[in-house]
There are 2 protein chains.
Amino acid sequence: MAERDWIKRYLAPLVSAPGAAGLTDDTALMATPAGPVVITTDAMVEGVHFLPADPIASVAQKLVRVNVSDILSSGAEPCEALLTLGWPADRSEPELARFAAALATELAAWGATLIGGDTVVNPAGLFLSLTLTGTCLGPAPVRRGGASAGDDLWVTGEIGAARRGFLDRDAGQSSSFVARLQAPELPPKAAAGLVARLATAAMDVSDGLLGDALSLAEASGGGVEINLDQVPFAGGAAGQAEALDLATWGDDYQLLIAAAPTSRDRVVQEAEALGLPISRIGRIRAEAGLVLLDQGGRVNLPETVAFEHGRIGLSATRP
Amino acid sequence: MAERDWIKRYLAPLVSAPGAAGLTDDTALMATPAGPVVITTDAMVEGVHFLPADPIASVAQKLVRVNVSDILSSGAEPCEALLTLGWPADRSEPELARFAAALATELAAWGATLIGGDTVVNPAGLFLSLTLTGTCLGPAPVRRGGASAGDDLWVTGEIGAARRGFLDRDAGQSSSFVARLQAPELPPKAAAGLVARLATAAMDVSDGLLGDALSLAEASGGGVEINLDQVPFAGGAAGQAEALDLATWGDDYQLLIAAAPTSRDRVVQEAEALGLPISRIGRIRAEAGLVLLDQGGRVNLPETVAFEHGRIGLSATRP
């Protein structure tokens, strides 16, 4: 099928925003913003970020969610999306139809709408990229770099579900974790409001909790202390080694939020009102590096901990 | 090299917009718009839109220009860009450095700035996608659908340079056309002003002049008459068969502009003031379909004319 026909048949019907002009034009007119607008783009590659046999609906869900988590972490709500679809010739047309339907459903669930995109033939494997805008709920986006020493560090939801899903799939087991690997569970959209109102800094957890927490702390000019025993691990953690594994694998797409200790009660109250599980797992320090505690004792960071790019190895404080 | 390090080493230095936060954050804050903002995204795939051996600088130039032509055709000026880079493991790091440098130079030449993106490993070949915003110079973007019967149809620059480049390369010849295939020549940025002030409808020529002209006419609820002998072919056209070939191949990235006959003098004057070559090649008709004339006589549209997806075959008016 020709590229233009794909758009006409499968993507144009998803489009209702007047600025998108039914995807028939060269550009889309963006919505008039009520406040500051943030934008992000995240790509996914077959064989790297998902497997060829993964359900195509979950691929669409994951594509949207990995972008949504970035928007929420900025204290913004998803707004408009543009899709780049590199579709291989050996994927069937019914699969494309299912992908488009799942994408539309998922975007709508976040209050976002497709306004444009491009479809091309990709010789080898499926290549996806989504650009997503978000409307800031506050006067400016929440950044990684706004935390102060002494701020509490919070994380939403659970950490490690994707890692467990990866291990289950590797062992040939089906489990709810496999589904959460294929399409991560995100906090609700309303979490953006909590971030906008209470966070001094925030980011999503995509490259592993410990490394990401250190990134946030470094961007804020400090370091971080994390209590491993307070991290809400999916399925619990049977011992420190497993906890470290789950805390460093990534693909969680939960929110990491720094907030002043004076906001502590409000964080708990707002999260409760939203039905948002949230856990206080540590604090920002003035000194650089990561201090990891377990039941009050310092944890030796093993060389084998698989932080992305060995960043921890370069900058972690060791006892 | 790890993905995060690519961004840090090669893309972050290109970024100066304050909203981009040095590409260290999850989202970029978009510029506060002075007027309506349009957005577009176009992807390019190795082996489909460019060849593995094409100079990497021209790949970066083409990536920017295929998006810029969409923005200009909407009567808007390029503003902010997000890059999705699927880089294969077998491409060298110096090539990545050259790509980034060429991208920065090209964006700057259009007054645009990189504010975000994502880099991933692509197992097979280079996959590129750019999202580009544009600031409308008028109160609304110029669309394909605004032309009226009787409007003049204009085209900027030359048509067929990419086709000639393709044929030259196929024949093992190097020529200036090969360079124009690898990195299309665009009208100057100021052409956006002419579009905003005088066009009733506009689009860029990417899928072949005749098919694109018909698309514009159809979106405007009419048809189109084109005088083949008035089309400014790159290198001229030796006969009707060659003219038809050049007028249907695509990759021109020039602007197709409809304007009222009462604007005819102003179009010529403004184009002259901009140093913008522009040619009046036909007119919009009330009746659907394409009427092609050559030296005043009707041209039979041969079945073999390679319009994209056979669209002409479905909808052309034949004598």
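Author: The C-alpha centres of domain 1 and domain 2 of chain A lie 27 Å apart. Domain bounds come from an automatic or database domain assignment; here they are 3-136 for domain 1 and 144-299 for domain 2 of chain A. This is a predicted model, in which local features need pLDDT of at least 70, side-chain atom pairs count only at pLDDT 80 or more, and totals for chains, interfaces and linings use all residues. Residues are numbered from 1 along each chain as its sequence is written, with chains lettered from A and ligands numbered from 1 in the order in which they are written.

Reader: How many residues does the contact take from domain 1 and from domain 2 of chain A?

Author: Two residues are in contact if their C-beta atoms, placed from the backbone, lie within 7 Å. Domain 1 of chain A gives 18 residues and domain 2 of chain A gives 16 residues. Helix 2 of chain A supplies the largest share of the domain 1 side, 10 residues. Helices (H or I, at least four residues) and strands (E, at least two) are DSSP runs, numbered from the N terminus.

Reader: Which element gives the most to the side of chain A that touches chain B?

Author: The contact takes 50 residues from each of chain A and chain B. Strand 2 of chain A gives the most to the chain A side, with eight residues.

Reader: Why is helix 7 of chain A largely enclosed?

Author: A residue is buried if 20 or more other C-beta atoms, placed from the backbone, lie within 10 Å of its own. Nine of the 11 residues of helix 7 (209-219) of chain A are buried, so the rest of the structure largely encloses it. Among them are Leu209(A) and Asp212(A).

How values were computed: A residue is buried if 20 or more other C-beta atoms lie within 10 Å of its own, exposed if 12 or fewer, and partly exposed in between; C-beta atoms are placed from the backbone.
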